[in-house]
Amino acid sequence: MRRKPLYFAICSGSALLWAVLCAVLAGPWARAASLRLPSGYVLWVIVGIALLPGYLTCMMFLSNLLHAKTRVSTIPCKEPVSVLICARNEQDCIFQTIRNVAQQNYDGRIEILCVDNASSDGTYSEICRAIRLLSSPLRSIRLLLCNTPGKAHALNAGLANVQTRYFITVDADTSLDKNAICRIMQRIASSGAACVAGNLLVKDAVTLTQKMQIYDYLISIAAVKRFQGSYASTLVAQGAFSAYETLAVCGVGGWRQCAGEDIVLTYMLLRQGRCSLYEPQAIGYTAVPETIKALGKQRARWARGMFDGLRAVAPWGQASFYSGYFESVNISIVLLDLAYVFGFLAGIVMLILGFNWLVGWMTLLTLPAFFICAASVYQFQRRLPGITIRHSLSGFIGFVLVFQTIQSISSLCGYLQAVLSRRLNWK
């Protein structure tokens, strides 16, 4: 932790120099494009699709390189822990999820609190079956009922019944590696952090949409969490699998019912001056959307969640400089999505029509840089003990070529929904 200021200065300074160099090299591009397009539009697009992404990618790459060695706690943890599993119409997977938690390689006592959030299927019966078949002296299972629809309401109902110093949230469709709870408990108990996010990967990938997400979770999401976690400021301790200090969460009032209840909670914990970490060796496998439509809805909800977090705690309201910095970076993602859709994609349309004013064949030269960054994260991930990586060539090609388009368009829809305050569903 004492090296954080030095490492941050090295990474940010180097990234800024890289951005300046790129700006100089982009001069001829900007001048040529400005002969045919409005200069203000050209400048906005170049900053949004080249300079700002280059700065952020360079800083993240260097930071992850400097923090390449993971610190594994050697202190055995037998602390009793509660695991919250909130479910609404999850009869097909809830029993397996509970069994997966009950069979964890963890010497401490685990109390599994299953919250049925007004399900209309057989979720209640499946939880009762798990209580009968999986309960043991070290693995108690309780059924709680929350009749008010809404994930935050279900989580708060579970929180009210937590009697341990720490608790873990696991989504009903998430399966944990057999050592996941041990790893994440070692990290939070030894670090004094308020929350620790686990390392999520794709559970099953059948459709092309799911196969593309293999690499989004494996590379993109993991890289960002490592980057932020290196400065004790992971912005999202995701509800699908994270550990929390009970008093800290109670102290900020638990979860708020909104699109990004886990984002808002993490921001509020950071505002208290507490650390939010990432543990790459605590591995969970989560179910992901099967179709483009479902993926778009999920990413729109995530985008709305970012606005929820900003409303709850502004960047300048954070206790730590690093937390405020990363939250400010999140705001710039709006610019990146706008520039990608109305700049890069518009440039591709122009190129197809024979006008290489913004995008040309030299754009392909950005691919080597992408592969270098992706390979560095992949090499880090594949060295983790117990990790299972399911590869797909079609998924990787789709991730490289079209995933960002889906992500950016969906995010813009989410931003618009946030502005219009559209109604929110349970998930």
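**Core and sheet of the predicted model**

In this predicted model, M185 touches C77, E79, V81, Y106, Y166 and I168, leaving aside residues up to four places away in sequence, where contact means heavy atoms within 4.5 Å. The model is predicted, with local features needing pLDDT of at least 70 and side-chain atom pairs counting only at pLDDT 80 or more, whereas totals for chains, interfaces and linings use all residues. Residues are numbered from 1 along each chain as its sequence is written, and side-chain values use heavy atoms, with hydrogens and water left out.

Among the 111 residues of the largest nonpolar core, I98, I168, I181 and M185 touch the most other members; such a core is a set of buried (under 20% relative accessible area, 1.4 Å probe, protein chains only) Ala, Val, Leu, Ile, Met, Phe, Trp, Tyr and Cys residues joined through side-chain atoms within 4.5 Å. Helix α8 (residues 208-229) supplies the largest share of this core, 9 residues, helices being DSSP runs of H or I of at least four residues and strands runs of E of at least two, numbered from the N terminus.

An open sheet of mixed pairing is formed by 8 strands in the order β3-β2-β1-β4-β7-β6-β8-β5, two strands being paired if DSSP finds at least two bridges between them. Because β3 (139-145) and β5 (174-176) stand at the edges with a single partner strand each, one side of each is left without a neighbour in the sheet. Strands β4 (residues 166-170) and β7 (residues 241-245) run antiparallel and are joined by 5 bridges, with I168 standing opposite A243 in β7.

Notes:
Buried < 20%, exposed > 50% of the residue type's maximum accessible area, 1.4 Å probe, protein only.
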